[in-house]
Amino acid sequence: MKDPSAWPPGNSTMARRVREFDWEGHPLGPIADWDREARSVLMMVLGAPMPMNMYLGPDLFLLYNDPACELFGNKHPDALGRPARDVFPEIWEAMGRRLEQVMAEARPITAESLPAALDRDGAPRDAVFNLHSTPILRNGEGQSIGVVTVYEEVTEPAITQRALRKSEERFRQFADASTDVIWIIDVETGQLEYISPAFEDTWGVPCSTVIEDRSKWGQFLHPADYERVMAAMPGCASGNIVTTDYRIVRPDGEVRHIRDKGFPILGPDGTLTRIGGIARDITERKRQEKAVEDSERRFRTLVEGIPQLVWSATSEGECKWVSPQWTEYTGLSLEQSVGQGWLEAVHPDDREEALGDWRHAKAGGEMNGGWRFRRAQDGEYRWFQTRATPVLERGEIVEWLGTSTDVEDIVDLQERQKLLLAELQHRVRNLLAMVRSIIRQSAEGYEDVDDYVAHLTGRIDAMARTQVMLTRRAGAAIDLESLIRDELARVAQDERLAMAGPSVQLSAKAAEVLTLAIHELATNSIKYGALGSEGRLAIRWFVTLRESGEWLEIMWEEKCPEPVVEPSRRGFGTELIEGRVPYELKGEGTICVRPDGLLAEIAFPLKAGASILEPGPGSDKGHER
Amino acid sequence: MKTDPAFGNPGGKRPLEGCRVLIVEDEYFQAREIALALGRAGAEVVGPTARAQEVEQLVRSGGIDAAMLDINLGDGASFEVARSMRELSVPFLFLTGYDVSIFPDDLSDRPRLEKPVDQERLIERLAELVGAKAS
């Protein structure tokens with residue numbers, strides 16, 4: 001069995017008073033004997049947060065809860081258990097009628113905006129209530145055994161206060177959950193009235209540090225920002241909204257970037273009562289901004305620094321951006337190049353192919369083309385290797401990034417390399433054929449093998465010297481005087497030799513023919529002429545102008561003290577001068593033996609070319625691909 | 001090689017007997033050697049010459065049965081002489097130090113001998129050219 005005195009349970013004042021009340025001597029009798037419905041409603045009334053009364057029995061004996069005490073003023077605590085008629089004689093006329101009606105009709109009634117003089121905290125004041133009265137029915141139907149009334153105060157201050165409490169609660173929930181630091185300073189005390197918990201995360205110190213002493217806030221400022229921030233702060237106090245960016249140094253040494261916006265909060269009379277503020281940690285944003293900036297700067301530096309033309313195109317292959325190099329090279333601005341505008345710079349013969357390459361790129365996912373682009377500076381079309389890679393986003397091509405590389409010089413070099421190789425083969429084979437010819441020619445008229453070998457070696461050496469000079473570097477021209485000196489250096493003493501003539505550069509072909517001719521003249525001179533006796537040798541040359549252009553004329557004149565013996569047969573030297581010079585150099589050559597010496601004359605047109613080792617200015621630019 | 005008993009040596013054969021053969025060769029000594037060899041083989045040598053203009057005249061004047069061409073006439077490789085010969089239906093072969101890669105497509109099917117050349121082989125090929133034209 002439950003201890004009947006332990007009912008109703010609860011710690012509230014009225015629950016206790018109801019328990020301690022002497023119900024034995026009361027007309028309602030012991031609580032344990034009350035109707036089940038009455039006991040249930042009593043439990044509800046005592047636990048409710050709003051004022052509630054209940055009236056039991058035909059005499060409407062009054063019971064009420066803690067919130068209702070306030071309404072009763074000095075009627076509490078004697079009102080408990082007394083008939084309502086006795087407790088509220090001043091308003092009984094209306095009240096009694098209403099309660100009787102609820103009892104009789106067994107249905108709820110709401111009475112709106114009832115004025116009531118309240119004696120709250122000893123100070124009487126007027127209040128307005130909505131009263132909701134509901135019958136308490138035995139077994140939930142039929143006969144009413146009492147009434148329960150809920151008081152809803154609709155007096156203005158009550159509503160306002162309720163709204164304010166709600167609003168404050170919402171503010172706190174927002175502020176407490178905010179990752180921004182929200183703060184409010186009471187202007188009168190100069191202290192922090194509120195600071196949100198995000199402060200602890202951002203500053204790395206407990207809120208209490210600055211709530212206890214607001215001036216401590218200043219010591220976390222970065223020294224470099226301190227003066228500036230302190231100077232900006234009074235702006236709020238004079239009624240302005242002030243936004244300040246500054247850095248803080250946390251106790252753990254970490255530096256954070258803060259954007260702090262302070263604003264005035266005015267009281268009902270328009271005077272400044274508080275300063276509010278929102279401080280946001282923008283460290284990550286700063287870092288990201290800097291990262292983006294750095295990345296963009298690096299990209300720009302790269303794009304503007306490399307010799308390639310860089311561009312981007314839409315996934316449809318329409319140009320949307322070009323690097324400054326593109327504009328510089330093609331003369332087409334970004335506006336002129338976008339869409340299909342870039343095609344203007346492509347060689348008309350290559351446009352179809354370029355469009356075809358793009359169609360293929362869209363299908364194949366990569367782009368690689370070789371087209372000519374027009375150089376604005378001189379109108380020259382140069383070969384470019386154009387490559388592009390798609391930028392993918394979730395497997396979809398969103399744009400193409402591409403480069404165009406000037407490969408004109410490489411194409412040139414490849415072309416030239418091919419020609420050089422061909423020329424090299426030609427030269428080697430020709431040389432071997434020439435050596436074979438010289439061996440045969442030299443064999444004629446020699447009986448002594450040693451003599452034959454000596455002559456043959458001399459001739460091959462002379463050819464070798466020419467080759468060395470010619471291949472020393474590409475395009476090497478050969479100086480006539482050096483050529484003659486080289487051939488005579490080992491056989492002629494300076495005092496017997498006289499040389500005179502302008503500076504002349506010889507083509508490779510002319511050098512080859514002349515070297516062997518001079519060699520042969522020198523060899524013969526040692527054997528039969530001036531260089532083998534006490535004679536003198538004079539070599540003179542001139543450049544003369546003939547109908548077909550400039551000619552070189554060389555005179556080789558020997559003077560000997562003794563009569564010269566003319567060789568009985570036509571020798572190799574004669575072949576070289578009278579045969580080879582006219583044939584290969586389209587020139588003239590004669591050897592004339594005189595009693596006192598010899599005169600050899602060689603003349604031929606001076607012209608460049610003869611070998612791709614010496615390319616002329618008119619070398620063909622139109623490459624086959 | 002078959003030996004002709006009447007002369008007793010291969011040099012005695014005259015496979016180009018009565019043929020007029022034009023020699024276009026830049027190198028004097030090589031031209032002279034080839035001219036001698038073709039002469040021994042019975043050919044009537046036209047040229048030799050290293051001048052493109054002269055070749056043009058010689059070919060146009062007619063009566064040439066075959067020609068032997070070097071493609072370098074002192075100014076690098078040139079195929080103009082070859083093309084004008086083809087135009088005038090003069091059978092010719094190239095004798096050159098250049099590799100096949102330098103030949104343009106339209107002339108790549110022409111017979112070609114590389115330097116240094118075996119003289120007997122040159123004579124054989126020229127005889128083939130003359131024979132092909134005659135038949």
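Is Glu584(A) buried or exposed? Glu584(A) counts as buried, at 4% relative accessibility. Here buried means under 20% relative accessible area, exposed means over 50%, and partly exposed lies in between (1.4 Å probe, protein chains only).

This is a predicted model, in which local features need pLDDT of at least 70, side-chain atom pairs count only at pLDDT 80 or more, and totals for chains, interfaces and linings use all residues. Residues are numbered from 1 along each chain as its sequence is written, chains are lettered from A and ligands numbered from 1 in the order in which they are written, and side-chain values use heavy atoms, with hydrogens and water left out.

**Overall makeup**

- Chain A has 19 helices and 22 strands. Helices (H or I, at least four residues) and strands (E, at least two) are DSSP runs, numbered from the N terminus.
- Chain A has 625 residues, and 42% of them count as buried.
- The accessible surface of chain A is about 34400 Å². Carbon and sulfur atoms hold 53% of that surface. Accessible areas come from the Shrake-Rupley method with a 1.4 Å probe; for residues, only the protein chains shown count as cover.
- Take the contacts in chain A between residues at least 6 apart in sequence: 50% of them join residues at least 24 apart. Contact means heavy atoms within 4.5 Å.

**Salt bridges**

- Side chains of opposite charge can pair when their charged atoms come close.
- The whole structure holds 47 salt bridges over all chains. Each is a side-chain nitrogen of Lys or Arg within 4 Å of a carboxyl oxygen of Asp or Glu.
- Arg580(A) and Glu584(A) form one of them, at 3.2 Å from N to O. Both sit in helix 19 (residues 572-585) of chain A; they are four residues apart, so about one helical turn separates them. Arg580(A) is buried, with a relative accessible area of 3%.
- Arg247(A) meets Asp225(A) in a salt bridge of 3.0 Å, N to O. Arg247(A) lies in strand 8 (residues 242-249) of chain A and Asp225(A) in helix 9 (residues 223-232) of chain A, so the pair ties together parts that are 22 residues apart in sequence. Arg247(A) is partly exposed, at 25% relative accessibility. Asp225(A) is buried, at 5%.
- Lys559(A) and Glu557(A) meet in a salt bridge of 3.4 Å, N to O. Lys559(A) is partly exposed, at 40% relative accessibility, whereas Glu557(A) is buried, at 15%.

**A five-stranded sheet**

- An open sheet of chain A has five strands in the order 7-6-10-9-8, with antiparallel pairing. Two strands pair if DSSP finds at least two bridges between them.
- Strand 7 (192-195) and strand 8 of chain A stand at the edges. Each has a single partner strand, so one side of each lacks a neighbour in the sheet.
- From one strand to the next, the twist averages 25°. Axes are lines fitted to C-alpha atoms, for helices over the stretch in contact, and angles run from 0 to 180 degrees between N-to-C directions.
- Strand 6 (residues 181-186) and strand 10 (residues 272-281) of chain A pair in the antiparallel sense over six bridges. Ile185(A) stands opposite Ile275(A) in strand 10 of chain A.
- Helix 11 (residues 283-305) of chain A packs on the sheet. Helix 11 touches strand 9 (255-266) and strand 10 of chain A, and its direction makes about 125° with that of strand 9.

**Single residues and a surface patch**

- Thr202(A) is in helix 7 (residues 198-203) of chain A. Thr202(A) is buried, with a relative accessible area of 5%. Leaving out residues up to four places away in sequence, Thr202(A) touches Val181(A), Ile248(A), Arg250(A), Arg256(A), Ile258(A) and Asp281(A).
- Glu396(A) is in strand 15 (residues 396-406) of chain A. Glu396(A) is exposed, at 56% relative accessible area. Glu396(A) and Ser315(A) are 81 residues apart in sequence and 9.0 Å apart in space, C-alpha to C-alpha.
- Leu421(A), Leu424(A), Val428(A) and Leu432(A) make a nonpolar surface patch of about 380 Å². Patches are made of residues with over 30% relative accessible area and no salt bridge: like charges are joined within 9 Å, nonpolar side chains (Val, Leu, Ile, Met, Phe, Trp, Tyr) within 5 Å.
- Leu421(A) is in helix 15 (residues 408-443) of chain A. Leu421(A) counts as exposed, at 52% relative accessibility.
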